Amino acid sequence: MKEKSSFSSRLGFILAAAGSAVGLGNLWRFPYLAAKYGGGSFLLIYLVLAVTFGFALMITEIAIGRKTGKSALYAFADLGKKSGFIGVLASIVPIIILPYYCVIGGWVIKYAWVFLTGRGGAAATDDYFSGFISRTGEPIVWLVLFILATMAVILLGVNKGIENISKVLMPVLVILSIVIAAFVITRPGAGAGIVYYFKPDLSKINGNAFLAALGQLFYSMSLAMGIMITYGSYLKKEDDIESSVRNIEIFDTGIAFLAGLMIVPAVFVFSGGDEAALKAGPTLMFITLPKVFDSMTGGHIIGAVFFVLVLFAALTSAISLMETVVSIFTERFGKSRRVITIFVTIYAILMAIPSSLGFGVWSDFNIRGMSILDFFDFISNSILMPVVAFLTCVFVGFIVKPKTITDEVESSTKKFKSKKFYVVMIKYIAPVLVLLILISSVLNALGIITL
Ligand code: PHE
């Protein structure tokens with residue numbers, strides 16, 4: 001048997017896991033939610049949930065991965081015979097997400113390229129984005145490029161590929177975030193936007209704000225997709241899980257916070273204080289922000305830096321997705337990692353194409369009013385992920401018992417500092433919170449409530 005691959009150091013693991021966690025969610029969703037739900041007050045709710053709820057779920061997944069040394073597909077079955085189906089459900093999530101995430105990754109490379117070649121002004125014109133995504137060939141070329149870049153890292157392996165690239169890209173990402181945020185907050189008129197971002201507005205703290213923070217946190221920490229289980233399976237037996245999770249959280253929350261500091265004041269100045277301009281998702285990233293950059297002196301250069309930052313964030317997340325899928329298929333089919341990687345690449349390209357065409361020639365094809373990409377996003381994020389997380393909590397809390405996890409954590413550290421808290425969280429609080437996410441996201445998708 002070949003020795004199982006592993007991260008060479010705890011730092012390598014932390015940076016790779018942070019690379020997965022820091023993604024489009026941090027950059028295009030967090031700033032919008034913070035602005036919408038009362039600035040400082042939302043930041044506070046988010047922070048508290050991150051160090052409690054997010055912490056417990058992430059510890060759980062990493063410990064399951066390290067204890068079993070397996071990907072999600074077999075990790076659950078390994079711990080509890082009858083619970084193998086949770087692993088199957090968890091494995092479906094990254095298999096669905098990988099292709100469509102790469103469609104967006106392709107858009108990001110395109111924009112990075114446009115800005116780097118000095119054509120940021122063109123990207124700021126009306127209809128540029130819709131014109132681009134509705135074309136047939138061009139977006140496919142970009143998404144294939146994005147997938148091939150991801151594949152190259154996976155082919156190099158856990159240590160030489162994922163760990164090494166994370167060690168370079170993640171520090172660069174932090175520096176770029178600080179540079180852009182510093183640039184934005186020193187622009188004339190940015191003060192009002194900064195106040196808007198930080199100032200707590202207690203009147204906006206309500207059930208929706210809480211639910212939005214929960215849902216965001218969950219996605220942002222790459223939970224319930226098998227990713228942290230796979231990465232945990234590469235963590236060395238002697239590395240401390242608890243402090244690693246604390247570090248990953250600081251990274252993820254820190255970048256989300258900086259993203260808000262880049263985006264909220266900039267858009268605020270540009271739109272004259274209209275919060276609707278902060279609308280989350282592709283519109284913000286590919287339509288509003290190019291216009292904002294175009295209106296700033298030096299904005300085209302900062303725009304180029306910004307899209308490179310987004311590209312790095314998206315790439316390290318896609319890497320974690322592809323690695324998870326590759327680890328699942330390698331265990332299932334027993335073929336070499338190389339063969340499986342090539343197979344997964346072809347799968348991702350073939351499945352990404354319909355999502356891409358859904359914005360152009362296939363746009364008449366809608367599922368409950370959702371485009372193909374939105375539909376995959378809905379099934380994975382709004383349904384499967386909360387279901388998987390709920391089952392994971394029940395599995396750990398009541399079937400294998402929290403001791404399985406706490407023992408694993410304690411096997412590499414003298415003391416699991418938050419042990420008591422962890423047990424209460426995973427048994428009683430986290431499952432209830434996850435159920436709330438599930439119910440609210442379904443109601444939101446059905447248009448019964450708006451988050
Ligand atoms: N955690 C990522 C983010 O915040 C999301 C993500 C990562 C989604 C990996 C899928 C796979 O954007």
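Which backbone oxygen lies 2.7 Å from a polar atom of the side chain of S166? I looked, and the backbone oxygen belongs to I162.

**Ground rules.** I am working with a predicted model, where local features need pLDDT of at least 70 and side-chain atom pairs count only at pLDDT 80 or more, while totals for chains, interfaces and linings use all residues. Residues are numbered from 1 along each chain as its sequence is written, and side-chain values use heavy atoms, with hydrogens and water left out.

**Entry 1, S166.** I placed S166 in helix α9 (residues 158–185); helices here are DSSP runs of H or I with at least four residues, numbered from the N terminus. S166 is buried at a relative accessible area of 3%, where buried means under 20% with a 1.4 Å probe and protein chains only. Setting aside neighbours within four places in sequence, I found S166 in contact with L15, A16 and P171 (contact means heavy atoms within 4.5 Å).

Next I checked helix α2 (residues 24–36), which packs with α13 at an angle of about 70°, their axes 8 Å apart. Axes are lines fitted to C-alpha atoms over the stretch in contact, and angles run from 0 to 180 degrees between N-to-C directions. That makes α2 roughly perpendicular to α13, a label for angles of 65 to 115 degrees. On the α2 side I noted N26, L27, F30, P31 and A35; the α13 residues they meet include D252, F257 and V264. By class, I have ten nonpolar, two polar and one charged, with Ala, Val, Leu, Ile, Met, Phe, Trp, Tyr, Cys and Pro as nonpolar, Asp, Glu, Lys and Arg as charged, and the others, Gly among them, as polar.

Helices α3 (residues 40–68) and α18 (residues 402–410) have axes that come within 9 Å and cross at roughly 75°. From α3, I59, T60, A63, I64, R66 and K67 make the contact, and from α18, T404, I405, E408 and V409. In α18 I listed P402, T404, I405, T406, E408 and V409 as buried. Their cover includes α3, α4 (72–79), α13 (241–271), α17 (372–399) and α19 (419–445).

The largest nonpolar core has 166 residues, and F53 and F306 have the most contacts inside it. I take such a core as buried Ala, Val, Leu, Ile, Met, Phe, Trp, Tyr and Cys residues joined through side-chain atoms within 4.5 Å. Helix α15 (residues 299–333) gives this core its largest share, 20 residues.

Notes. Helix = DSSP H or I, 4+ residues; strand = E, 2+ residues; numbered from the N terminus. Buried < 20%, exposed > 50% of the residue type's maximum accessible area, 1.4 Å probe, protein only. Polar contact = N/O pair within 3.5 Å; in protein donor to acceptor, adjacent residues only side chain to side chain. Parallel < 35°, antiparallel > 145°, perpendicular 65-115°, else oblique.
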